[in-house]
Amino acid sequence: MHTMTRAIDGAVVHAPFDGTVFRFNDETVTLDTRAGARWVHVDTAERARQSYRVTRVIGGRVREDFAGAIGDGGEERVLPVSYLIAKKTLRYKGYSVMVRERSHLADGAVWNQTCIFCHNTSPMLLSVMGAVVARPASYQGVQVDRLLPSERRWSYEITDERAFSRAISAEIRAIGGEVDDASPKRAAAQGITETRARFRAKDLVELGIGCEACHGGSAEHVKAPGVRPTFLPTSPFVRVREGTTRAEQISHACARCHQVLFSRYPWTWEGGRRDGQRLGGSNINSGEARDMLLGGCAKGLACPACHDPHAKDDHARERAIEKPSGNGVCTGCHAAYATKDALAKHAHHSPDGAAGACIACHMPKKNMSLASGLTRYHRIGSPTDPMRVMLDRPLECALCHADKSVEQVATDMERLWGKHYERETLRALYGGLEVNVLLATAALGKPHEQAVALFVLAEKKRADAAPVALAALSHRYPLVREYARDALQSILGRACPVDVYQPADRVRAAAKKCGEFSLIAPLPAQHHHEGTPEPPRDDADDGED
């Protein structure tokens, strides 16, 4: 985590800065190296070439992003290409999340106004400001509580208004701004605006993720190592509502960054909308800790139960938990299911098979990952939960039982777990009850649901999924196009020469070369979307994970 953001000098970089050209529509991005410095050159139809000297690399485990400046001392901007390490390919940076198709290349937002708080170690008070303002201006690293149901939020009480205002005023003066310290909430609102405008790398506690990014100020721990740092924000002038468990405190610390993405994609799991009253879970990478706080184990299980934030990037621990032998993470609390007989009776699957792992069903792989795959959904619950069955696609049991129809899956869940599901609701979701769950989801689902279905259908090598994958190559969300292309290549067993970054009409034309398949009509807008249009795109707030 400490290498989440690195100064480019001396950094290990995987992207090919050797003259490689990335093409987007009729515009290009060129990566090269001159006099020991890495450069990104952006050529567009609207302006002359812009050349950015790369200053920082962001990430590096799965994907590399870059910040760069024009000239010495210029504003550092997020650059318009990402490098996918496993695929060894470049991608338009904006298409790493669920944004609609764009007509041209554009350099991204100013680095210190978007990426800086989540990918580095910043002063804790700047995060707390957002917790005491009713509708804070958007910035990363804010406390997660406004994105949780009211019963799961922390309550921040300002115990000394003058001291709180003075503290914010001092922080903002340190970065060259001024705030009115008369009212604490006014000072906080002004402080957020000033922070977004003025905070720079020089103002960080530490570049990358250091100890205080999670633990907060730890002066007492340094003086006396036996005093454990608290994850609860504490100060002489702010108090957090008591009664929270240590697990919740730890997950809250993780959720300052792992809460939700900043793209304007509106839909969540559990049939929710990000701008609505139902607070569903995230469907793409970087919402894991907030999803954990939404789930059934939030009070007793924290993120480090599975992820070691202090270790090197080794996923052996997570892989072990994906097997029945790793169920101890769950049975430490749920002791009733510790024996094989009890587990078999509970799960209705072999306790020694893949479905004998608790997280196989309670944390299914249905979220889009950084590498165009699927990762686990961290809102711990059951695939039989009515909200998941009646409001989401696909039925989670179909992620493994990919050959089954809607009726077969619903009947099995009712028989095994004593549930009942309204058939008219399921018929409306899938267009019928005898249809295959995944094929219907790939054709009729919301965009994130389609991506999940396409990925699983490709894993199962379902040849009958080829037509719907072909149609999705011109999907209105370019990220879904990537899932469609990868699915089609897997189903066909060969490369599909489609550049999904081109306009939809070009993609459709190129798709005809992929195989002797009939293109079906473009995916229709579903009745679930009617009357709930997507919010307008805000390019200035397209921050990512």
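Of the 545 residues of the protein, 53% count as buried (under 20% relative accessible area, with a 1.4 Å probe and protein chains only). This is a predicted model: local features need pLDDT of at least 70, side-chain atom pairs count only at pLDDT 80 or more, and totals for chains, interfaces and linings use all residues. Residues are numbered from 1 along each chain as its sequence is written, and side-chain values use heavy atoms, leaving out hydrogens and water.

Start with the overall dimensions. The C-alpha atoms fill a box of roughly 65 × 60 × 45 Å along the principal axes. A compact globule with 545 residues would have a radius of gyration near 24 Å, and the protein agrees, at 24 Å. That radius is taken over C-alpha atoms, and the globule rule is 2.2 Å times the number of residues to the power 0.38.

The protein has 20 helices and 13 strands. These are DSSP runs, numbered from the N terminus: helices are H or I with at least four residues, strands E with at least two.

Now zoom in. Helix 3 (residues 161–174) and helix 4 (residues 184–198) pack at an angle of about 15°, their axes 9 Å apart. Axes are lines fitted to C-alpha atoms over the stretch in contact, and angles run from 0 to 180 degrees between N-to-C directions. Helix 3 and helix 4 are therefore roughly parallel (angles under 35 degrees). Helix 3 brings Glu161, Phe164, Ser165, Ile168 and Ile172 to the contact, and helix 4 brings Pro184, Ala187, Ala188, Gly191, Glu194 and Thr195 (heavy atoms within 4.5 Å).

How values were computed: Parallel < 35°, antiparallel > 145°, perpendicular 65-115°, else oblique. Buried < 20%, exposed > 50% of the residue type's maximum accessible area, 1.4 Å probe, protein only.
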